[in-house]
Amino acid sequence: MYQFRVVWKKVGSEAPKLRPEPLRRLLSYDRHTDSFPVSEFSERPKASSRQVTKRHIRVVCQEVLDCFDQQYSQELGSLWASARAVLLDRSSWQYGVMLNRFSTVSDVTQILHSQGFSTLQPQTEVSALTRDHPSKVAGSGPKAGKDSFSLSPADFPVQPDGNSQAPAEDPQTRPSLLFPRSSLQCYIHPQPVRFPSQPHRPGQLKQYYLLNAASLLPVLALRVGDGERILDLCSAPGGKALAIMQSATPAHLCCNEPDPHRRQWLARTLESFLPHPLHSRVAVSGQDGRSVGNLQTEKYDKVLVDAPCSNDRSWLYSRGGQQGVKRLQERARLPELQLQLLRSALSAVRPGGVVVYSTCTLSSAENYSVVETLLKESPEAEPEDLWEELALPLSKHFAFNPAGAGHDAQTLHKPSPQPRHGRVSSYQHRLGILVVPQPGRTWGPMFLSRIRRTG
Ligand SMILES: C[S@@+](CC[C@H](N)C(=O)[O-])C[C@H]1O[C@@H](n2cnc3c(N)ncnc32)[C@H](O)[C@@H]1O
């Protein structure tokens with residue numbers, strides 16, 4: 001019945017064997033209690049009412065806050081005070097509603113509109129966002145009304161990707177003919193209105209997924225095209241994998257997650273949102289991401305590294321001082337892990353392909369410095385400027401760190417290589433862009449960087 005190809009591999013063991021497994025085997029998760037282990041990631045399964053009560057009484061971990069105060073006031077300057085205010089006020093947090101193009105969503109969009117939600121869209125001409133991409137499957141996709149825009153990577157004002165070498169597809173199976181049109185649609189509200197999460201409905205696909213809207217930016221930066229081979233190296237619980245599948249129909253999407261519990265959660269997310277005809281295009285694997293570059297060298301057109309990181313929002317609410325202190329102690333090891341994952345991704349992508357690196361922390365050591373170290377050691381890696389492509393068009397919704405604002409010059413600039421295209425002022429933007437939560441634009445933290453493999 002289930003056709004995802006699941007690749008099992010123990011971390012640290014020899015090359016993986018590809019073994020088809022029924023997705024059911026991954027789904028030992030208890031649907032009634034939603035009893036997955038608590039994740040460090042914000043996009044979690046729906047909490048039971050008891051868990052909700054607990055969440056409301058969560059207190060800030062003072063050790064983590066002290067550490068952030070010291071580090072981020074230096075790195076972000078005056079932006080930190082307002083970011084701090086947002087992070088400490090959970091009632092101001094916003095959630096986006098990403099629609100599922102494989103489900104009928106007209107009833108949901110009606111409710112969203114009636115409640116004052118609108119579609120996240122860049123500040124560009126509406127006409128540019130509603131290019132003619134009519135649904136090729138009558139009655140199977142969301143109807144694009146005049147208030148409904150698709151947010152597609154192809155809609156952003158950038159040069160065409162001249163290096164793209166998507167595999168030629170069999171016209172019989174061209175995704176545009178088989179599936180509803182690709183459209184990444186995310187509804188947001190100007191106030192911190194919380195749309196309810198959707199319960200599991202046996203035999204039915206979910207209509208939407210709740211997430212921090214900044215999570216969509218790395219997917220937009222990936223600019224996935226139909227027929228491409230994509231690797232989501234750190235995939236659970238699967239929010240960005242779902243966003244990838246909304247924005248295009250890849251020939252193959254490999255969702256990798258080494259943690260077994262989180263892999264179950266990932267598989268369940270995919271099962272709840274993707275129709276059966278797509279299952280053969282999506283695989284779930286369980287490798288240590290650091291070894292994937294050696295095992296699958298140059299196999300992919302695009303790789304997303306949504307790396308394990310400090311996760312500022314979640315860490316601030318660490319349970320008890322001990323968990324916070326332990327996390328802070330282990331924090332120093334994260335940049336090395338992130339760098340290894342990024343190296344592995346660069347090996348796994350073909351020459352001409354791109355790697356997008358992202359985190360949900362403000363920490364410069366896990367963001368700019370990781371990218372900068374990779375660039376120093378990899379002449380074949382070329383950073384691409386996301387400032388004009390994403391930050392400027394989306395600045396109405398997201399607050400981005402302006403280049404150089406309070407940035408820790410010691411870590412960023414001293415050992416840095418010369419900017420390769422001579423635009424010194426935008427060098428920090430070429431390393432990556434950072435969404436900093438601010439009052440009224442509470443999305444983030446999210447750092448993203450796009451690196452092209454040139455050789
Ligand atoms: C930020 S989360 C990913 C969130 C996910 N991309 C999404 O959008 O839902 C980072 C993930 O990396 C996983 N991870 C940790 N170490 C890893 C490794 N060595 N290789 C690959 N993934 C790893 C964690 O278990 C975690 O699920």
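Good morning, colleagues. The shell around the ligand is made up of ten nonpolar, four polar and eight charged residues. Please bear in mind that the model shown above is predicted.

Let me stay with the ligand site. In total, 22 residues surround the ligand, and the closest are Gly239, Glu257, Arg262, Gly289 and Asp306. Three helices, α8 (239-247), α11 (289-295) and α14 (334-348), each contribute at least two residues to this shell.

Asp288 places a polar side-chain atom 3.0 Å from a ligand nitrogen. Gly289, by contrast, uses its backbone: a polar atom there is 2.8 Å from a nitrogen atom of the ligand. On its own the ligand has 600 Å² of accessible area, and the protein covers 92% of it.

I now turn to helix α2. This helix spans residues 62-76, 15 residues in all. From its first C-alpha to its last, α2 reaches 20 Å, close to the 21 Å expected at 1.5 Å a residue.

Which residues of α2 are buried? They are Val64, Leu65, Phe68, Gln71, Tyr72, Glu75 and Leu76. Directly after α2 comes Gly77, with a positive phi near 60°.

Thank you for your attention.

Notes. Residues numbered from 1 in each chain as written. Predicted model: local features only at pLDDT ≥ 70, side-chain atom pairs only at ≥ 80, totals over all residues. Heavy atoms only, no water. Helix = DSSP H or I, 4+ residues; strand = E, 2+ residues; numbered from the N terminus. Expected span 1.5 Å × (residues − 1). Buried < 20%, exposed > 50% of the residue type's maximum accessible area, 1.4 Å probe, protein only. Near = heavy atom within 4 Å. Polar contact = N/O pair within 3.5 Å; in protein donor to acceptor, adjacent residues only side chain to side chain. Areas by Shrake-Rupley, 256 points an atom, 1.4 Å probe, with all protein chains shown as cover. Nonpolar A, V, L, I, M, F, W, Y, C, P; charged D, E, K, R; others polar.
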